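Please look over the strands of the structure shown here and how they pair with one another. The briefing that follows takes the pairings in turn and then turns to a single residue.

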Amino acid sequence: MLEVKTLDKPDERRDFPRGHLEAVHMPDLDFAVATFEPGWRWTESVAPLAGTKTCQMHHNGYILQGHLHIRMDDGTETDVGPGDVFVCTPGHDAWVVGDEQVVTYDFQGQTAREFAKKK
């Protein structure tokens, strides 16, 4: 099997307060590019759509631009920025740090298929 898609023509776009997600769907990979504007916070922008207190998605991510702060439900927290590759398990909040837009790549089927979808 060989399949190629371009982010110039995503299969899907989801808009939510202060951000959006564009995704391509393939048989063994869903790839998403999420853009978060300054002031974006998961608990404010996405929680009302998800219907959960914190994000319950697993993320395999790469930060292309900007800085994001992630706080796990157990209190563990960190900042991620350009060039950082991260794994974040379900049970977290995240928000944009500073005045720069965050652009993150997510290599996870669950995120591309379910993130910011109204439940």
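G61 stands opposite F86, a residue of strand β7, and the antiparallel strands β4 (residues 59–65) and β7 (residues 85–88) are joined by 4 bridges. Here a strand is a DSSP run of E with at least two residues, numbered from the N terminus, and two strands count as paired if DSSP finds at least two bridges between them. This is a predicted model, in which local features need pLDDT of at least 70 and side-chain atom pairs count only at pLDDT 80 or more, while totals for chains, interfaces and linings use all residues. Residues are numbered from 1 along each chain as its sequence is written, and side-chain values use heavy atoms, with hydrogens and water left out.

**Strand β4 and strand β9**

- β4 also pairs with strand β9 (residues 102–106), in the antiparallel sense and over 4 bridges.
- Within this pairing, I63 stands opposite T104 of β9.

**The open sheet of β6, β5 and β8**

- Three strands form an open sheet in the order β6-β5-β8, and their pairing is antiparallel.
- Because β6 (77–80) and β8 (92–97) stand at the edges with a single partner strand each, one side of each is left without a neighbour in the sheet.
- From one strand to the next the twist averages 20°, an angle taken between the N-to-C directions of lines fitted to C-alpha atoms, on a scale from 0 to 180 degrees.
- Strand β5 (residues 67–72) is joined to β8 by 6 bridges in the antiparallel sense, and in this pairing L68 has V96 of β8 as its bridge partner.
- β5 pairs with β6 as well, again in the antiparallel sense but over 4 bridges, and here the bridge partner of H69 is D79 in β6.
- The hairpin of β5 and β6 has 4 residues between the strands, and in this hairpin G75 takes a positive phi near 100°.

**Residue L64**

- L64 has its place in strand β4, and it counts as partly exposed because its relative accessibility is 40%, where buried means under 20% relative accessible area, exposed means over 50% and partly exposed lies in between (1.4 Å probe, protein chains only).
- Leaving aside residues up to four places away in sequence, L64 touches P82, V103, T104 and Y105, with contact meaning heavy atoms within 4.5 Å.
- L64 and G83 are 19 residues apart along the chain, and their C-alpha atoms are separated by 6.1 Å.
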